[in-house]
Amino acid sequence: PYGANVIRIDSAVALRDAVLHEAADADALIMAAAVADFRPASESDQKIKKQDALTLDLVKNPDILLDVQAQRTVTGYPRAVVGFAAESQDVLPNAREKRARKGLDLMIANDITASDAGFEVETNRVILIDDDGEQPFNILSKARVGEIIIDRVIALLDV
């Protein structure tokens with residue numbers, strides 16, 4: 001899109017580094033993309049041949065929002081941070097806990113088990129969680145959900 005700064009990355013570690021760099025003086029950060037919680041412990045520069053059994057060792061990827069929170073504690077930036085909780089169970093308790101643990105200003109929670117919301121459909125139903133409480137939104141287009149989030153970010157920034 002016009003004015004967008006595209007940064008190509010190829011790993012969760014590179015994404016974390018790019019986010020921290022770009023967020024260093026940002027007004028707002030909206031973390032709409034989720035990376036895998038784990039990655040292979042080692043990479044192979046050769047093809048891995050078929051075998052009877054294969055053991056895949058995994059290591060944790062960095063928690064980008066926790067790293068943003070640490071940076072924000074020192075610098076005050078980004079001024080507003082928004083996260084998402086795509087949950088399949090205990091939606092509100094999990095989203096509340098994640099918001100508190102990661103120091104988010106706004107959490108967007110959604111139940112990914114709903115057939116008419118979440119992945120692979122153009123609609124969603126979300127619950128916005130902030131210091132003022134929880135506000136559920138019934139089925140909306142994803143574009144409308146995005147507008148609501150942007151309006152809330154503007155209010156957070158008091159622009």
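1. Ile 30 counts as partly exposed, at 33% relative accessibility (between the limits of under 20% for buried and over 50% for exposed, 1.4 Å probe, protein chains only). Its place is in strand 1 (strands are DSSP runs of E, at least two residues; helices are runs of H or I, at least four; both are numbered from the N terminus).

2. The model is predicted: local features need pLDDT of at least 70 and side-chain atom pairs pLDDT 80 or more, while totals for chains, interfaces and linings use all residues. Residues are numbered from 1 along each chain as its sequence is written, and side-chain values use heavy atoms, without hydrogens and water.

3. Together with Ile 150 and Ile 154, Ile 30 forms a nonpolar patch on the surface, with about 230 Å² of accessible area in total (patch residues have over 30% relative accessible area and no salt bridge, and nonpolar side chains are joined within 5 Å, like charges within 9 Å; a salt bridge is a Lys or Arg side-chain nitrogen within 4 Å of an Asp or Glu carboxyl oxygen; areas are Shrake-Rupley values with a 1.4 Å probe).

4. Asp 25 lies in the loop between helix 1 (12-23) and strand 1 (28-30). Asp 25 is exposed, with a relative accessible area of 59%.
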